[in-house]
Amino acid sequence: MGKRGNMPKREQADSLFNANVYQSNELIEAIKDMNTSTYRLFLLGLCKLRPHLTNNDDITYDEHFPVTIITHKELKELFKGNSGSLINLKKNLGKAYDTHITINTKNGGFYFEHIYRKMKYEPEVGLKIQFDEAMEPYLLELIDKCYTRFMMKNTFLLESTYAWRLCERMLELQGFLTKYKKKEVSRKFTVEELRTALGVPDGLYEGRMNNFKRFILDKPIEEINEKTSFSMRYEQYKEGRRIAGFTIFMSVKENTAIPTVGEVDREPPAIEGEIISKEPASRSALLPADRDGLRVLLRHEKFTDVQINSLLKKWPHEDIRASYCIADEQANKLHLEGRDRTKYLKFCVEKNIA
C-alpha cells in the first residue's frame, strides 16, 4: 500500500458524542444515499476509526478497516434509552447496508462505491460495523489529502437530512475558524448546486422559492443553530430579478471549543507538482480584511481591475484573501519573482485553492 505514516492518538472522549470523526473532502461532497437513521449508523462506524494522517512513526493507525463495536450500553446512551430506536435497528441496518455513495468525476462522469462489508448486531456484544475496503481512500488513507474532522455530536443530533448535509458541507471550512482565526466563514452556492449538495429531489419546490427557503434552509439552519456548536445564516443573491443562489455563513458559538485543526485538514491540493506548505501563513494578520483593501493589494500584485472584478464576482472576498495568503507564502518559498510570481498568484486565487 506504499509508505505509511501514523495518526495522532484519539483524545479520550467522555462519550461517543464527543468523538472526532474523519472524512476526506471528496467523501463529504459525494452524494450519500442516506436518510437520517442510516447516516447516524454511518457516524457510529466512523467514531472509533484511526485514520492515517501523518508520517509520525510513533503513532498508530488502522491499515485496514477494523470491526467497530458499539456496545449495547453505548447504543442506549446514544439513543437516550429509546427502546423504539433499538426495535427498529434491524430495519435501519438493512437500509444502511444497501446504501452507497456516488462520486462525480471531473469529466462529467460518476461512479458508485458500496459502503459496508459487515453490519451485525449481537445483544450480548452490541453493534458490529465494518466498512468495505473500497472506502479506505475516503476514511483511512487521508495523509496528504484534504479532509474534514468534526465532533460526532455536531451532526448526529440533527434530525433533518438537509441539516446534516448542509452542516457537513460547511464543516469543510471549519479549519479557517482556528487556523486563520476567522470569526465567520462562508460558502456560495447556486440554487442548483445547493439542491444537489443537499439531495433535494428533482421538481421539489421548483418555482416556489419561498417554500424552498423555508424547508431547505430556514428550518434546517434553525435546527443547526439549536443543536450544534455552530451558528449559521444565509444571504440570497440575484441575477436580474431571479434568485440565483445563496451564500451560507458559519461561525462558532460564543464560549464553544472546536477541535484543533490537523496539519492537513483544509490544505489546498498540489499545484503544478509543488506541495503546498503545511505551515499557516504568517502574514495573514497583516493582510487587509475588507474588499477595498484587497483590491489595492491585488493591484500591487499586477492584477488588472477586470481580473479583480471577475474574482470578486466569482468568490467571496474572504476566500480570495485566504487563497492569496497561502499562495503568497508558497511563492516566497519558491523564490518566484516578476511575471512568474504574478502568474502563480493569479492561478492560485482563480482556482480558490483555500
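## A core and its neighbouring strands

Setting aside neighbours within four places in sequence, Met232 is in contact (heavy atoms within 4.5 Å) with Leu166, Cys167, Met170, Ile221, Ile224, Asn225, Ile248, Phe249 and Met250. This is a predicted model, in which local features need pLDDT of at least 70 and side-chain atom pairs count only at pLDDT 80 or more, while totals for chains, interfaces and linings use all residues. Residues are numbered from 1 along each chain as its sequence is written, and side-chain values use heavy atoms, with hydrogens and water left out.

Met232 also belongs to the largest nonpolar core, which has 87 residues. Such a core is a set of buried Ala, Val, Leu, Ile, Met, Phe, Trp, Tyr and Cys residues joined through side-chain atoms within 4.5 Å; buried means under 20% relative accessible area (1.4 Å probe, protein chains only). Helix α8, residues 161-171, gives the most to this core, with seven residues. Helices (H or I, at least four residues) and strands (E, at least two) are DSSP runs, numbered from the N terminus.

Now to the strands. Two of them pair if DSSP finds at least two bridges between them. An open, antiparallel sheet is formed by three strands in the order β2-β4-β5. β2 (31-32) and β5 (110-114) each have a single partner strand, so one side of each is left without a neighbour in the sheet.

β6 and β7 form a hairpin, with three residues between them.

Definitions and conventions. Buried < 20%, exposed > 50% of the residue type's maximum accessible area, 1.4 Å probe, protein only.
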